[in-house]
Amino acid sequence: MLLKLVSNTFSPRLMELANLSANLLSPLKAVDRHPVTVAPGACLGEAIALMRGAIDLCPLPNSPHHSNETVKASISCVLVVDENQLVGLLRPEDVLNSATEYGWQGMKVADAMTRNLIVLKESEFRDISTAFKLFCQHSIDYLPIVDKRGQLVGLVSEKRIRPAMYSWIEALHQEAAKLQEQCELLDGNCELEKRVSDRKNAENALRQSEARYRAIVEDQSELICRYLPDGKITFVNQAYCRYFGVQPEDLLGNSFMPLIPEADREIFQDQYTSVSPDKPIFTGEHRVILPSGEIGWQQWIDRAIFDESGQIVEYQAAGRDVTQLKQAEIALLELNAELERRVQQRTQWYELAVSAGKVGVWDWNLETDEIYIAPSLKALLGYQDAEIPNRMENWASHVHPDDRAAVWEAVNAYLEGVTESYEVEHRMLCKDGSTCWILARGSAIRSPDGKACRLTGTDTDITERKLTEEKLQNSEAELLALFNAMTDIVLVLDARGRYLKIAPTAPELLYKPAPEVLGKTLAEIFPEAEANFVLGHIRQTLASGQTHRVEYRMEIGCKLLWFDASISPLDLDRVMWVARDISARKHAEAALQKSEEKFRNLFDDAPIAIGLASVRDYRTIEVNEALRQMLGYSDAELATMTFTELTHPEDLQADLEQVKQLVEGNICRFQMEKRLIKKNGELMWANLTVTLIRDGEGIPLYSMAAIEDISYRKRAEMELQQLKERLQFLLASNPAVIFTAAPRGAFCTTYISDNVKAIVGYDPQEMLADSNFWASRIHPEDLPQFIVNFSDLSAGKNCICEYRFLHRDGVYRWLRTELKLLLDSRGIPIEIIGYAADISNSKYAEIALQQQCERERLVEAITRRVRQSLQLEEILNTTVAELQQVLLADRVLVYQLLPKSGGRVIAEAVAEGCSQLVDRCFGEEVFPAQSYQLYLQGRICARSELDDPSVTPCVVEFMKQIQVRAKLVVPIIQHSQLWGLLIAHQCDRPREWLE
């Protein structure tokens, strides 16, 4: 019974102790299978940025999702992986040490990472206590998990499994306490002897459990303690004592608060008030006072232990020193701040570059062919952002056609790995049609298999640089061409006259070939006099330190040549001697001197008057004999006068204006006619030709004037003008238009008198401006004959023609023109002259006379026919036939009115092609009753066109039927009765009937 009681009492507790390890956190859940990785060749700054991304707020492992308790994750590490093999680990302290010793800029990850790693194979990771032992044994914070091939599987951090281990330890402690209580109960029952053995066994089990618990606690590198709610410490492990350098008895029973600075003590008050049986754990970081007086940092995980009534009886805490981590965190934050500052600075530089319109970024997705083009880059070409779609084909179309092949070749070479970088210079087409030069740079983002998926880069406007390079190349080419074209001798001599260098610019001008003189002195090459001459100028230049110039003669190849030499010091004992062949100039100077002598002789003896005057005060400087005789002044008199005093006041302003234009360089010479005042007061007309004489620097010295007496010509011109005015008056008063015309071609008018406007209404200018003006206004029926008369014109006879000409008022006038052809001495036609007179009045009188004669002839013919025959039908046929010939009408008929109504055509003369109406009867609608009285009163009806509004519609329709477009109707009255009508028809066109 006793054994059964003991067994029932202790067996469950022992089973619970055995199962605690099995209830620990699963290893699968403890492994972070997506840790942050980086390549060993990556920049250290990139790894720092990845570490920054790992800093975040995370919920406490044992806190519910709605809990407000959070813990700041420690600064993360970064695993270094090369081809899926773990090669190292980079921690914040590694970065800090490298930055302190070497400076992190420019470093690679491989330079700072930890290489000797403690790793755990996945097959050996059966529970988290295995990892926890490695953490404690090697004092590490991170444990990489690898598979059997050594490839990375994930990462386990001490921070992640610590809460589970502390919970396990706390459970062990509670179970041990319960076993202790049960043992005490069994201890009091002295009667149960059989239980003694069981109690001993339980005590042994408890001692073993406590021993395991103490061994685990004492082996921990973490600081572990228990304390009461008032802060008094009830238990500390050896790590805690070693950390503060004291013995356990120095701490037990005392409060831990004195070890914490006063500023951090308030943290505990807030944390203590937040715990409850549902939330027994809290975590915090605070500072501590170390035995040395220094301040360190600790991180603690505290768990409150409650009794059955829910009151806190004790706290159990596990802590660790995080001073180095804090220092690393601070250093990393400083590094991040420096990185941020540099990024911000470079961002500002980039924004400044972009705002200056010189650079733009782009990002090309190689898989979708989409490309992001910064608006600033499109603005480089003069486009708005929306004007160029973000497609590669749209952007590529703006690459200069001549550069597209080179750009694509550079892109493909970089993407295929042929070149290490993408960089190419090419031209782009701007919106305004111009081109600009672009420097394109880019780098690819590649997938794990090495295939490029994106290409990102910048385009920089290098147009100014290209233009500068082009100018520089042109300048270098010009300088090279200039040097190649130099014909000067260039020598370098020392103070003793020794030849050191000879430029190959003009070997034909050397006294001896260059190989023969190099290294030798002047005395060894030239005669003594010439050598001393050159040596003297060398010494003078070296003594003064300034450039000297000298002209000298020297016989080279049996020729006497002149040289202009410039001697410049190079250093203390060397000079550069540059000599130019000026023989041609010397010969030109000699020729110029002779020319000046000839000019002086020509100036003095010239038959034309010549004078020199100052351009500043217009004072006469010198005149020749011809001018003195022309004006009658002596040299002494002219020396005190200016040319303004010799010029007529009305001509002076124009003369001064021309001189001003000449001095300012706007003209090179001028010519004018003006009046000069002779000494005796007479006026003389002169033709003045003035040029400017300048000095060697182009500054005007004086003006030279050649003066020609044109008084006789001026008088002749005045007389000629008077004759022209008299002739013009006579022409204007003449009733006929006088004109001249070209003898060939279109016979265009070359001259016409002003009275043409009074005769035909047109201005002479508009007639002369149009070569076809006169012919275009001749009546179409008269134009062919007019042209024939012009074409048949010969020198033997004059041509006279009469024609109708359209007046400006729209009425044709009859003109009579007589033409005469003028020939030169060789018989070649020079000009056609003629006149045109208005003969409209006489022409109309002549036409009227002809019409009167025609009427008399018609009456006589009709009378004669009547006398020959008394037959009415014959008389009427004769009458209509004669009238048709006289009127030139298409049809003439006699319409007899019938007694009752209507009428009949009884006689008709009709032209060929027109319909016949004889013997046809027409109804009353053709001859309305209201017209009877009008014709009886002698009315004559003349209709020029059918659209006359007075013609009734039925009459218009009738006239169309018989093809009549104009008609003339004359009544035939017999014994005061209307017998019939005499009618004339025009069928082919409208017609104006003359009275």
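Reader: How many bridges pair β38 with strand β39, and in which sense?

Author: Strand β39 (residues 977-986) pairs with β38 over nine bridges, in the antiparallel sense. Two strands are said to pair if DSSP finds at least two bridges between them. Helices (H or I, at least four residues) and strands (E, at least two) are DSSP runs, numbered from the N terminus.

Reader: Before we go on, what kind of model is this?

Author: This is a predicted model, in which local features need pLDDT of at least 70 and side-chain atom pairs count only at pLDDT 80 or more, while totals for chains, interfaces and linings use all residues. Residues are numbered from 1 along each chain as its sequence is written, and side-chain values use heavy atoms, with hydrogens and water left out.

Reader: Back to the hairpin, then. Which residue in the turn has a positive phi?

Author: H975 has a positive phi of about 50°. It sits in the turn of the hairpin formed by β38 and β39, which have two residues between them. Within the pairing, I973 stands opposite L978 in β39.

Reader: And what joins β38 to strand β37?

Author: Three bridges join β37 (residues 941-943) to β38 (residues 966-974), and these strands run antiparallel. A942 has L968 in β38 as its bridge partner.

Reader: Let us change topic. What is the order of the open sheet of three strands?

Author: The order is β1-β4-β5, with mixed pairing. Its edge strands are β1 (37-38) and β5 (85-90), each of which pairs on one side only. β1 pairs with β4 (residues 78-82) in the parallel sense over two bridges, and V80 in β4 is the bridge partner of V38.

Reader: Now helix α18. What span should its 17 residues have?

Author: Helix α18 (residues 528-544) should span 24 Å at 1.5 Å a residue, and its end C-alpha atoms are 24 Å apart, which agrees. The expected span is 1.5 Å times one less than the number of residues in the helix.

Reader: Which residues of α18 are buried?

Author: They are A531, V534, L535, H537, I538 and T541. These residues cover an arc of only 155° around the axis, which puts them on the same side of α18; the arc is that of the directions from the helix axis to the C-beta atoms. Buried means under 20% relative accessible area, exposed over 50%, and partly exposed in between (1.4 Å probe, protein chains only).

Reader: Why do residues three or four places apart point the same way?

Author: An α-helix has 3.6 residues a turn, so residues at that spacing point the same way.

Reader: What do the buried residues of α18 pack against, and which residues are exposed on the other side?

Author: They pack against β19 (489-494), β21 (548-556), β22 (559-569) and β23 (574-581). Contact here means heavy atoms within 4.5 Å. E528, A529, R539 and A543 are exposed on the other side. Just after α18, G545 takes a positive phi of about 70°.

Reader: And α15: which of its residues are buried?

Author: V407, A410, V411, A413 and Y414 are buried in α15. They lie on the same side of α15, because they cover an arc of only 165° around the axis. That buried set packs against β14 (359-365), β16 (422-429), β17 (435-446) and β18 (452-461). The face of α15 turned away from the buried side carries the exposed residues A405 and E409.

Reader: One single residue next. Is T323 buried or exposed?

Author: T323 is buried, with a relative accessible area of 15%. T323 lies in helix α12 (residues 323-355), and its side chain makes a polar contact with the side chain of D321 (3.0 Å). A polar contact is a pair of N or O atoms within 3.5 Å; within protein, one must be able to donate a hydrogen and the other to accept it, and residues adjacent in sequence count only if both atoms are side-chain atoms. Leaving aside neighbours within four places in sequence, T323 is in contact with G296 and W297.

Reader: And where is L793?

Author: L793 is in the loop between α28 (783-791) and β31 (799-806). It is buried, with a relative accessible area of 12%. The C-alpha atoms of L793 and L821 are separated by 6.7 Å, although the two residues are 28 residues apart along the chain.

Reader: Finally, how many helices and strands does the protein chain have?

Author: The protein chain has 32 helices and 39 strands. Of its 995 residues, 41% count as buried.
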